[in-house]
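Visitor: I am new to this structure and would like to understand the words used for it. Could you take me through them with care?

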Amino acid sequence: MDQHSKGFPISHVIGFFMSLVLTFGAAWVALQTSLSMKAVMWIIGTLAVVQAGIQLYMFMHMNEGEDKVANNINIIYSAFIAVVIVAGSIWVMTSGHSH
Amino acid sequence: MGIKWDEFFVTGDPLIFASQIGIALTLIGALAGITYFKKWNYLWTEWLTTVDHKKIGIMYILMGVLMFVRGGIDGLMMKGQTAVPENGFLNAQHYNEVFTTHGVIMILFVAMPLLIGLMNFVIPLQIGARDVAFPQLNALSFWLTFSGAMLFNISFIIGGSPDAGWTSYFPLAGKEFSPGIGNNYYAVALQIAGAGTLMTGINFVVTVLKMRTKGMTLMKMPMFTWTSFITSIIIVASFPIFTVALALMTFDRTFGTHFFTISGGGMDMLWANLFWLWGHPEVYIVVLPAFGMLSDIISTFARKTLYGYKSMVISIVMISVLSMLVWVHHFFTMGNSAAVNSFFSITTMAIAIPTGVKVFNWLFTMRKGRIKFTTAMLWALAFVPNFVIGGVTGVMLAMAAADYQYHNTLFLVAHFHYVLIPGVVFPIFAGLYFWWPKMFGYMLNERIGKWNFWLFVVGFNVTFMPMFFLGLDGAVRRAYTYSAETGFGPLMMISAIGSIILAAGFAALVYNIYWSARYADRNIGNDPWDARTLEWATATPVQHYNFASLPEVTKLDAFWHMKKNDQLQPLKEDEVEEIHLPSNTWIPIYMGVVFGISGFLLVFEWTIAAAIAAIGIFAGLAFRSFDYDEGFHVHKDEILETEGIWRKGANKGVKNHVS
């Protein structure tokens, strides 16, 4: 039964609350401020990247792996997927005369 | 909004009314039958609560075959409607519903469950493991997939089917143009099933990485294990995109947001973009495991090691990368810039290279082999030329400029059926014939198998070959009728006749399952095909703990190597140890039920009720968190007894099945 109780998961709770703060912060910036569209986009984009980083460290055990090669492959592949989805979508949806 | 009880059941169509009665009678019959034969306890303890990867695999396959019947009937209805010009069999709305459910069911509830079922059954055995990495999660995957499938299937009798195509493009799929609840079924049911698939992906990545037996390095894995591993990685990479897209669809339809609407700052084509960011990798998710099965089947019946193993592995890894880079070829006509269309044209053509490498590898595997023409091998042989037709027309479609001509015509429909039927259905049938003896302890009849094969392959070509020419002549897809002046009539009629032959081929498979279950020889030994991989090294049907002692691997085609070098060791009694296995659990099926109920209420936009039902989901999670069941041990006596029975009888009085 011992492996079930490793003490209070404080980093998870901190990560959870920071994620909530960042999410509601982004919603507040978008809905309640009168900044320009461009400024809003940059701010919530930055908050999203910060939140992704927090989740990777607090929840995804990114710094716990023993095997450096496997860790590097995982990070490179995830970065590839993220760039393809985000940058690819922006490129496809904003070029041409579709939008 | 809530449920409008007077519109609860779909009324007014005699076909649907007949199905409602049919479904009600089948349900009553099944419940009465189980009660009469006192099978509830058996069903609950042996199947519904099982965490055994073999039984879960078989349940997936059963579900896939049943859904194949449903999707097939949809297909036949479409063919019946378009057989002659100006036909009145189905009206436009009904036709829209039928092609939508046909597409969704065939991809997500036929191809995926059949492949994941075979993966579930075979992969742990091929890598010499006793189960997948997370057995309980595996059961949860199945029950969520099943729950999603059932929710999607009841749409046509309760509330109305989704009718915006399997791609459900916005703005058509939005509230403005599809005000009914049909498309909510699409959004919610696929969300539930998709969650199950994502868990399967995670499970199999970990299983292949962590559960391989001693000596089995990555480059000694059977090809089916390799392709399933890469498929699982693509699942983990792409299914979350679909999850997000479906969630945004649900928000748009249920809560009035404007992600994909035309007005209010929405972007309708963003749905197409997200859908295909998932949808194209999905094509490789279904086709890669099929390629792996073919590789193992071809090398077994050509009686040679797979040609070009390394190039095969490099090809599937390349496909996994390229599969994420081609999605725009599904909407070249959206009006992208020339740069976007050119880029995606080139990546699409590039994906033909690793696929071509694989085709040549299969051909060279067969070269100078002593090929045994079993039914499983026939499917593999028919796959090559038929799939090449699908692949080459795919390269035609990959040219963005030419695609403006082909887009949304029956040419495209013929192309993807030539990819998906020879590329997925043929290999699945090959896999069923090949692994059936491992699953059930008897073989499917070869003579009925040949009928199944020839009817299906001939029917398939007669159905879909004319559609290439119809498409080039300008026949559009998803049109419920056409006028006689178009001249489409004769080819449409040939195509409809082909679909009947195709259906007869499938009926032969169903009959084969029935016939073989009743009459087939049970004394077949543990290795009826003289096969090459580890699943054939253990009993048939496989004992619940898979291997009494885990095998040790030194070479590719491990079992073949053991047989040829006389390394098959008899079991030493003092080496047998107790085996630790996970216990059955009620939580996965419970989660399937509460997800289904909550999803059903959400479909009807009864959000408060859905939220209350969702408490049940959290209750299930809580139960799981406090579940300290440590599993059970199989005792030495039981292992020795089981092993004694099959090892003593092994290959005694067994006829040679591959002569």
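Guide: Let us start with two helices of chain B, namely helix 12 (residues 375–398) and helix 15 (residues 446–472), which pack at an angle of about 10° with their axes 10 Å apart. This is a predicted model, in which local features need pLDDT of at least 70 and side-chain atom pairs count only at pLDDT 80 or more, while totals for chains, interfaces and linings use all residues. Residues are numbered from 1 along each chain as its sequence is written, chains are lettered from A in the order in which they are written, and side-chain values use heavy atoms, with hydrogens and water left out.

Visitor: Why are helix 12 of chain B and helix 15 of chain B called roughly parallel?

Guide: Angles under 35 degrees count as roughly parallel, over 145 as roughly antiparallel, 65 to 115 as roughly perpendicular and the rest as oblique. The angle here is about 10°, and helix 12 and helix 15 of chain B are therefore roughly parallel to each other.

Visitor: What makes up the contact of helix 12 of chain B with helix 15 of chain B?

Guide: Contact means heavy atoms within 4.5 Å, and among the residues that meet are Trp379(B) and Asn386(B) of helix 12 and Phe453(B) and Lys450(B) of helix 15. The residues of this contact divide into ten nonpolar, six polar and two charged.

Visitor: How do you know how helix 3 of chain B and helix 16 of chain B are oriented to each other?

Guide: Helix 3 (residues 53–82) and helix 16 (residues 489–519) of chain B pack at an angle of about 160°, with their axes 9 Å apart. By the cut-offs already given, helix 3 and helix 16 of chain B are therefore roughly antiparallel. The contact is made by residues including Phe68(B) and Leu76(B) of helix 3 and Ala496(B) and Phe506(B) of helix 16, and its residues divide into nine nonpolar, three polar and one charged.

Visitor: What makes Trp327(B) and Phe344(B) an aromatic pair, and of which kind?

Guide: Rings of Phe, Tyr and Trp (its six-membered ring) pair if their centres lie within 6.5 Å, and planes under 30 degrees apart count as stacked, over 60 as edge-to-face and the rest as tilted. Trp327(B) and Phe344(B) lie 4.9 Å centre to centre with 70° between the planes, and the pair is edge-to-face. Trp327(B) sits in the loop between helix 9 (309–322) and helix 10 (338–350) of chain B, and Phe344(B) in helix 10, 17 residues apart.

Key. Axes fitted to C-alpha atoms, helices over the stretch in contact; angles between N-to-C directions. Helix = DSSP H or I, 4+ residues; strand = E, 2+ residues; numbered from the N terminus. Nonpolar A, V, L, I, M, F, W, Y, C, P; charged D, E, K, R; others polar.
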